[in-house]
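The tour goes stop by stop, with something to select at each one.

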Amino acid sequence: MRVAILDDYCDTLRTLPCFATLAGHDVSVFTDHTDDVDELAQRLSDSEVLVLIRERTAIRTALLERLVNLQLISQRSVFPHIDIDTCTRLGIVVSSDLHQGTASYATAELTWGLVIAGMRRIPQQVASMKRGQWQDGVGRSLVSKALGIYGYGRIGKVVADYGRAFGMNVVFWASEGSRAGAVADGAAVADSREEFFEQSDVLTLHMRLVDATRGIVTPADLERMKSTALLVNTSRAGLIASGALVEALESGHPGMAALDVFDVEPLVNADDPLLKMDNVICTPHVGYVTLDEWEVQFSDIFDQITSFAMGTPTNVVNPLVLAHRRGG
């Protein structure tokens, strides 16, 4: 089958052992990024299978209706960037292994790296030495500090374990049902939302971005945070109300942020306010981007292609399409 892979920025997939699964298929890998529908339609005009790397490119109706050869979209995780109803109408199968039972340890590890980097001002210290200077400011220790985790899911629980290992006092906040689950598991839950934001020395977000969680962190929440607190977001930028974070950081509440996710990605505008602030650490959405994690993820994604080619689609998120799927 003719397989197109979008947004492999560092041309990494060819280096993975699981890439051999695609032997025998005609594979095209695109290492740049474009949102232009005309450009995408031209690139993908002959493609029968489209491999997506998470949510890097939105696959909407205007594009799908021009991809007359497309039979399968194969990816992993959630799919707010795909018009599923349109795929079903056009006979395009969408396969996505949601890996519900496994945590992304890579994302949890990056989260913890950002926690340490932010509290100890590691990037600022490195930059100071590269300027020919010595120490640049004084950081803070983690031991005995309050680690607030917003969300009680797979990744948040792993981050909590890391925090306990560093001697932090871990407290959760989440939806009512998730808070009840945390209490049942013996985890500490804040007495109120206000207390959660007011008392956390490090506050990290670990929720899916859905309609119910979009903008769930409000300007009032951020204003309650300590001037010495660090906010970490390796989940989705949309969890924070639009524009609120920049204003909050400028006002000094919270005092610092460490971010792996942004409203516009790829964020390549060097004049973006977040990239200009000395109290902000930014990484280019690499939470899940490790060779080890990608081997796990793309083994599943490529296996979905193999199953489809054999006439037995797996992990189908739009099962109504099976009655009239293209190539069926």
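Predicted model: local features only at pLDDT ≥ 70, side-chain atom pairs only at ≥ 80, totals over all residues.

**Helix α4**

Select residues 105-119, which form helix α4. At 1.5 Å a residue, its 15 residues should span 21 Å, and the end C-alpha atoms are 21 Å apart, which agrees. Now colour by burial: eleven of the 15 residues are buried, so α4 is largely enclosed by the rest of the structure. Among them are Leu 110, Trp 112, Leu 114, Val 115 and Met 119. Step past the helix to Arg 121, which follows α4 and has a positive phi, near 55°.

**Tyr 9**

Next select Tyr 9, in the loop between β1 (2-5) and β2 (26-29). Show its contacts: leaving out residues up to four places away in sequence, Tyr 9 touches Thr 31, His 33, Arg 56 and Pro 266. His 33 is 24 residues from Tyr 9 along the chain, and their C-alpha atoms are separated by 7.7 Å.

Turn to the largest pocket, with a volume of about 1,000 Å³. To find its centre, select Glu 55, Arg 56, Phe 262, Glu 265 and His 285, the closest of the 39 lining residues. The lining comprises 21 nonpolar, seven polar and eleven charged residues.

The second largest pocket has a volume of about 740 Å³. Of its 34 lining residues, Arg 154, Ile 155, His 206, Met 207 and Arg 208 are closest to the centre. Helix α6 (residues 154-165) supplies the largest share of this lining, three residues. By class, the lining has twelve nonpolar, 16 polar and six charged residues.

Notes: Residues numbered from 1 in each chain as written. Heavy atoms only, no water. Helix = DSSP H or I, 4+ residues; strand = E, 2+ residues; numbered from the N terminus. Expected span 1.5 Å × (residues − 1). Buried < 20%, exposed > 50% of the residue type's maximum accessible area, 1.4 Å probe, protein only. Contact = heavy atoms within 4.5 Å. 1 Å grid on protein atoms, 1.4 Å probe; cavity = no way out; pocket = protein on both sides within 12 Å on 5 of 7 lines; lining within 4 Å. Points joined across faces, edges and corners; volume = space filled by probe spheres on them. Nonpolar A, V, L, I, M, F, W, Y, C, P; charged D, E, K, R; others polar.
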